[in-house]
Amino acid sequence: MEETRIIDFSETYEDLGQALPAGTELLGGKFKIDEQVGSGGFGITYLAKDIYLDRAVVIKECFPEAFCCRFGAQVRVTSDRYAAQHRKSVDMFMLEARSIAKLRHPNIVGVHQVFEENETAYMVLDLIDGRDLLDIIEDDSDPLSPDQVRDILVKTLDAIDLIHRNDLLHRDISPDNILLDKWGSPSLIDFGAAREDASKKSNDVTTMLMVKDGYSPHEFYIAGGQQQPCSDLYALGATIYHLISGETPPNSQERVAALTNNDHDPYLPLAGRFAHYESAFLEAIDKSLSVPPKDRIASAKGWLSLIETESKKVKMVKMPEGRMVSKTLSELVHETNKHVLKASDKPRAQPVQAVTSVPQQESYRPEWVDEFNRETTEAELRKQEQNRALAEAHRREELEREAIAELEEAERQLLAREAEKPRNILEWVSLKRTG
Ligand SMILES: Nc1ncnc2c1ncn2[C@@H]1O[C@H](COP(=O)(O)OP(=O)(O)O)[C@@H](O)[C@H]1O
Ligand SMILES: [Mg+2]
């Protein structure tokens, strides 16, 4: 008879002491386990070291705790009747690693190795040096700004778009599966549930339903429930809802129960409650969290375009009302001219000082004013230089004219004297007589 088990990821799993001890070597000594950092229903996560490359990595071990136990370093089934299921889990784990490897995206954790050992499988992931969103929510001392929340949503949507375009669903999007690196960029981790989706299609005796109250849409609680891209988007909406409001949305099963009883949906919308966010941004999150899948946002791209449309609207609204850009420019020119005019009032003998000695105000002075002043000063100096050259040319012309006039005068006098001289001996005798 088919059995359905609901595994609640939101419960804290008690440490069953099943983890590999620190110092355990894998893949012939290439990797060394440092410590366990997580343990879900299907695997154990370790901080480890890549010995050859001398760097820290994260290693996930396939460990379906429902039917496996540790025997030395090996992972064994608790009963032979689970052997096929364990084999299937290992195959699916390998498939998960290959799926993530295909999803090369800056906001999806990078996987760089997968191998079988200890009768189970391991995948080696890039270590993301940072904190998960749940840590950040719980740490009141350092809340995220609306811009940071928006950035996280936009980048995660882009990553989810790639997952969906590869015909995969993540199926476990929640604050503890989104890590923020030290630059504040998000990385989506933990594709374990995506792998289990494939195993659901087999004729296994046990169907595992993986849910996280508050984040999982109601279809995740139903064996055979139709899971689609908007199911992941519901979980992302719930994650961002938690970031903004500090609370998880109500369990989707409670919401369904209330709606089917014609009671009020216990969901409290974000829109209208958080003034620091654009209202359309909040409305989109509320929409992603609709109970009926048909009322939700259908695709990650659709959600992104809703956000972008809103930003464009806001940019237009922020333009000064009834004012043209040219008006603003003419104001800039006016302001510049004021500085330049002040500068040109100063004595021309010290033009450079004149411009730079514009009274230095304590208040903010835009950089372009200095730039403008410098260019204006240079132009002024160039003009003065040209004027000086022109005056010199005029002076030289004047001197030439004077020299020519003097020469002409000398010539004229010479000619006059020549004219007065006797031209022959008879004239000379008559002049002597008259004189
Ligand atoms: N690549 C990684 N870099 C840094 N920490 C990681 C990484 N992958 C997992 N972790 C840490 O280990 C925890 C458990 O890993 P996860 O893949 O979510 O497995 P599960 O939730 O099934 O135990 C995460 O919440 C995170 O704190
Ligand atoms: Mg996890």
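**Reading strands, sheets and a ligand shell**

Visitor: Which residue of β4 is the bridge partner of phenylalanine 31?

Guide: The bridge partner of phenylalanine 31 in β4 is aspartate 50. Strands here are DSSP runs of E with at least two residues, helices are runs of H or I with at least four, and both are numbered from the N terminus. This is a predicted model, in which local features need pLDDT of at least 70 and side-chain atom pairs count only at pLDDT 80 or more, whereas totals for chains, interfaces and linings use all residues. Residues are numbered from 1 along each chain as its sequence is written, while chains are lettered from A and ligands numbered from 1 in the order in which they are written.

Visitor: How many bridges pair β3 with β4, and what joins the two strands?

Guide: As a general idea, strands of a sheet pair through backbone hydrogen bonds, either parallel or antiparallel. Two strands are taken as paired if DSSP finds at least two bridges between them. In this model β3 and β4 are antiparallel, with seven bridges, and a hairpin of three residues joins them. Glutamate 35 stands opposite leucine 47 of β4.

Visitor: Where does β4 lead next, and what is the phi of aspartate 54?

Guide: β4 pairs with β5 over eight bridges, again in the antiparallel sense, and aspartate 50 has arginine 55 as its bridge partner in β5. Four residues lie between the two strands of this hairpin, and aspartate 54, in the turn, has a positive phi of about 55°.

Visitor: In what order do the six strands of the open sheet run, and which are its edges?

Guide: The order is β2-β3-β4-β5-β9-β8, with antiparallel pairing, and the edge strands β2 (25–26) and β8 (111–117) each pair on one side only. Helix α1 (residues 83–102) lies across β5, β8 and β9 and runs at about 165° to β8, where axes are lines fitted to C-alpha atoms, for helices over the stretch in contact, and angles run from 0 to 180 degrees between N-to-C directions.

Visitor: What is the order of the three-strand open sheet, and which helix packs on it?

Guide: That antiparallel sheet has the order β10-β11-β12, with β10 (130–132) and β12 (186–188) as edge strands that each pair on one side only, and its twist averages 30° from one strand to the next. Three bridges join β11 (residues 178–181) to β12, and leucine 180 has proline 186 of β12 as its bridge partner. Helix α3 (residues 146–165) packs on the sheet, touching β11 and β12, and its direction makes about 30° with that of β12.

Visitor: Which residues come nearest to ligand 1, and which elements give two or more residues to its shell?

Guide: A residue is near a molecule if its C-beta atom, placed from the backbone, lies within 6 Å of it. Of the 20 residues around ligand 1, Gly38, Gly40, Thr45, Ile128 and Asp190 come nearest. The elements that give two or more residues are β3 (31–39), β4 (43–50), β5 (55–62) and β9 (120–126), and β3 gives the most, with three.

Visitor: Where is pLDDT under 50?

Guide: pLDDT, the predictor's confidence in each residue from 0 to 100, has a mean of 81 over the protein, and 73% of the residues reach 70 or more. It stays under 50 over residues 9–15, with 10 contacts beyond four places in sequence, and over residues 198–206, with 13 such contacts, a contact being two residues whose C-beta atoms, placed from the backbone, lie within 7 Å.
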